[in-house]
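Me: Hi! I'd like to get to know this protein a bit. Can you walk me through it?

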Amino acid sequence: MTILITGSNGFVGTCLTEKLQSTGSFLKLVNRQNFEDITPQTNWLAACNNVTTIVHLAARVHMMKDTASDPLTAYREANTFSTLNLARQAATAGVRRFIFLSSIKVNGEGQETPYTEHDIPNPTDPYAISKWEAEQGLKKIAAQTNMDIVILRPPLIYGPYVKANFLKLIQIVEKGYPLPFGSITAQRSLLYVGNLTHAIQTILKYPKILNKTFLVSDPQTVTLPTLIRMMATELDCKNPLIHISPVLLNSLFKLLNKKNLQQRLMQSLTINSQGLENILQWRAPYSLEQGLRLTISSYLQSKH
């Protein structure tokens, strides 16, 4: 089996590459250092030669503050049209399986009950719309060709090498800045990168045609205050949480015009991964506590 990984030097790509290399898999790695920019016009035929499976991780990632003049167009170029261009050429080249890393944001921004693969998609921002449109296009390609499509929708991914908001939260907790989130009760699903790479490895080994969409997450959900307390314990620093009424917090978010942040902090977003567990007998090898401990350990080592 020859596996082509796009975005191989990114956060998830680095972890997946290390794991697959340790098992002796033959890999073709596509990243900004060894390949031209991935665009809707990229020629993939040479790269896809003799490849059996593609794991497509490269993407324009979600940003809380997008500076693009037209974010939806920018996301579609990178996440929709570029993905479908790769998939069409992969099918032509005889690639048998295409694994696409999508996002739980395709389902929506949260609800009181856990999301499942059977829920009607409700993407609300440009990033989520671009991922949903890519999913739809991939399903059409699967229906017209012999290439098997597997779509994974993860929540927020964390682990060694993590950046963006999760890294910022670790740094804020370490510095001891008071955080007014002690009374937040919303439950959130997260995904340790080791659990994601294990799920991808499980799919790679599965012999049958899938053409499935799977939701994937850690087995436990967590509230923001619990996550912050766990971080503080692993960082060996004081708990920075202070308790402010959720009603007052909501009013403050509205006053500051921070609707997106309010939604992410105050609304539950949980995932039911039973499709992956039942069909592939997949079980997450890492608990939330184990994943967070490894993440913080890596963060502390990187500072020395």
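Reply: Happy to; we can start with the whole chain and then look at some details. One thing to keep in mind is that this is a predicted model.

Me: What share of the 304 residues count as buried?

Reply: That share is 49%. As for the accessible surface of the protein chain, it comes to about 14,900 Å², and carbon and sulfur atoms account for 52% of that.

Me: Now contacts. Among those between residues at least 6 apart in sequence, what percentage join residues at least 24 apart?

Reply: In the protein chain, 80% of those contacts do.

Me: Switching topic: at what angle do helix α5 and helix α11 pack?

Reply: Helix α5 (residues 164-175) and helix α11 (residues 288-302) pack at an angle of about 75 degrees, and their axes are 12 Å apart. Angles of 65 to 115 degrees count as roughly perpendicular, so α5 is roughly perpendicular to α11.

Me: Nice. Which residues make the contact?

Reply: From α5 there are F166, L167, I170, Q171 and E174, and α11 brings L292, T295, I296, Y299 and L300. Sorted by kind, the residues of this contact of α5 with α11 are seven nonpolar, two polar and one charged.

Me: Where does T80 lie?

Reply: T80 lies in helix α3, which covers residues 71-92.

Me: Is T80 buried or exposed?

Reply: T80 is buried: its relative accessible area is 2%, and buried means under 20%. Leaving aside neighbours within four places in sequence, T80 is in contact with Y75, S130, E133 and A134.

Me: What about S82, then?

Reply: S82 is in helix α3 too. S82 is buried, with a relative accessible area of 1%. Setting aside its neighbours within four places in sequence, S82 is in contact with I38, T39, P40, R76 and E77.

Me: One last thing: how many residues apart in sequence are S82 and L27?

Reply: S82 and L27 are 55 residues apart in sequence, and their C-alpha atoms are 21 Å apart in space.

Notes:
Residues numbered from 1 in each chain as written. Predicted model: local features only at pLDDT ≥ 70, side-chain atom pairs only at ≥ 80, totals over all residues. Heavy atoms only, no water. Axes fitted to C-alpha atoms, helices over the stretch in contact; angles between N-to-C directions. Helix = DSSP H or I, 4+ residues; strand = E, 2+ residues; numbered from the N terminus. Parallel < 35°, antiparallel > 145°, perpendicular 65-115°, else oblique. Contact = heavy atoms within 4.5 Å. Nonpolar A, V, L, I, M, F, W, Y, C, P; charged D, E, K, R; others polar. Buried < 20%, exposed > 50% of the residue type's maximum accessible area, 1.4 Å probe, protein only. Areas by Shrake-Rupley, 256 points an atom, 1.4 Å probe, with all protein chains shown as cover.
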